[in-house]
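This briefing describes one protein structure, grouped by topic. Please consult the sequence and the model alongside the text.

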Amino acid sequence: VQLVESGGDLVQPGGSLRLSCAASGFTFSNYAMSWVRQRPGKGLEWVSTLDSGARITKYADSVKGRFTISRDNAKNTLYLQMSSLKPEDTAVYYCVKFPYPGVSGAYFEPRGQGTQVTVSS
């Protein structure tokens, strides 16, 4: 399993950003995927999950209505579109592979190396 996140950047409050996660080493279309994040000085926090067929989504209350998770199974890529960003969204963002197609449960491994998102003026 290899997961490579990208797209992190410094952005102003209220701005938008799209993260990508390139997956390889497994049949991407067979597994649900998640985004998790780690804020400075904090533990890992679940953000969102999408099932294998891109039909069912789950979001943490802190990002609901602002973040959108999606995937392109033909490109083996997971996305996180983030809008109306707040300083408290500052974190390293990781994508995580689920052990099955559905969205039940929360997992934090395996994950990639992460991409840094900083929201600051």
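Strand 9, residues 91-97, is mostly covered, with seven of its seven residues buried. The model is a predicted one.

- Strand 4 (residues 33-38) runs antiparallel to strand 9, and six bridges join the two.
- Within this pairing, Ser34 has Val96 of strand 9 as its bridge partner.
- Strand 10 (residues 115-119) is also antiparallel to strand 9, to which it is joined by three bridges.
- Here Ala91 is placed opposite Val117 of strand 10.

- Six strands make up an open sheet with mixed pairing, in the order 2-10-9-4-5-6.
- Strand 2 (10-11) and strand 6 (57-59) each have a single partner strand and stand at the edges, so one side of each is left without a neighbour in the sheet.
- The strands of a sheet pair through backbone hydrogen bonds, in either a parallel or an antiparallel sense.

- Strand 4 and strand 5 run antiparallel and are joined by six bridges.
- Met33 lies opposite Leu50 of strand 5.
- Five residues separate strand 4 from strand 5 in their hairpin, where Gly41 adopts a positive phi near 75°.
- Strand 5 (residues 44-50) pairs with strand 6 in the antiparallel sense, over three bridges.
- Two positions illustrate this pairing: Thr49 has Lys58 of strand 6 as its bridge partner, and Ser48 stands opposite Tyr59 in strand 6.
- The hairpin of strand 5 and strand 6 has six residues between the strands, and Ala54 in its turn shows a positive phi of about 60°.

**The disulfide**

- The model contains one disulfide.
- Its partners are Cys21 and Cys95, whose sulfur atoms are 2.0 Å apart.
- Distant parts of the chain are linked by this pair, as Cys21 belongs to strand 3 (residues 17-24) and Cys95 to strand 9, 74 residues apart.
- The torsion about the S-S bond of Cys21 and Cys95 is about 55°, and the disulfide is therefore right-handed.
- Both Cys21 and Cys95 are buried.
- A disulfide is a covalent bond that connects the sulfur atoms of two cysteines.

**Salt bridges**

- Seven salt bridges are counted in the model.
- Side chains of opposite charge can pair when their charged atoms come close.
- What links Arg37, Arg39, Glu45, Arg66 and Asp89? These residues are linked in a network of salt bridges.
- One of the salt bridges joins the side chains of Glu45 and Arg39, at 3.0 Å from N to O.
- Glu45 is partly exposed, at 22% relative accessible area, and Arg39 is also partly exposed, at 25%.
- Asp51 and Arg55 form another salt bridge, in which the closest N and O atoms are 3.7 Å apart.
- Asp51 is buried, with a relative accessible area of 4%, whereas Arg55 is exposed, with a value of 65%.
- Glu109 forms a salt bridge with Arg111, and their closest N and O atoms are 2.9 Å apart.
- Glu109 is exposed, with a relative accessible area of 51%, while Arg111 is partly exposed at 28%.

**Ala74 in the loop between strands 7 and 8**

- Is Ala74 buried or exposed? Its relative accessibility is 76%, and Ala74 therefore counts as exposed.
- Ala74 is located in the loop that lies between strand 7 (67-72) and strand 8 (77-82).
- A distance of 32 Å separates the C-alpha atoms of Ala74 and Lys86, which are 12 residues apart along the chain.

How values were computed:
Residues numbered from 1 in each chain as written. Predicted model: local features only at pLDDT ≥ 70, side-chain atom pairs only at ≥ 80, totals over all residues. Heavy atoms only, no water. Pairing = 2+ DSSP bridges. Helix = DSSP H or I, 4+ residues; strand = E, 2+ residues; numbered from the N terminus. Salt bridge = Lys/Arg side-chain N within 4 Å of Asp/Glu carboxyl O. Buried < 20%, exposed > 50% of the residue type's maximum accessible area, 1.4 Å probe, protein only. Disulfide = S-S within 2.5 Å.
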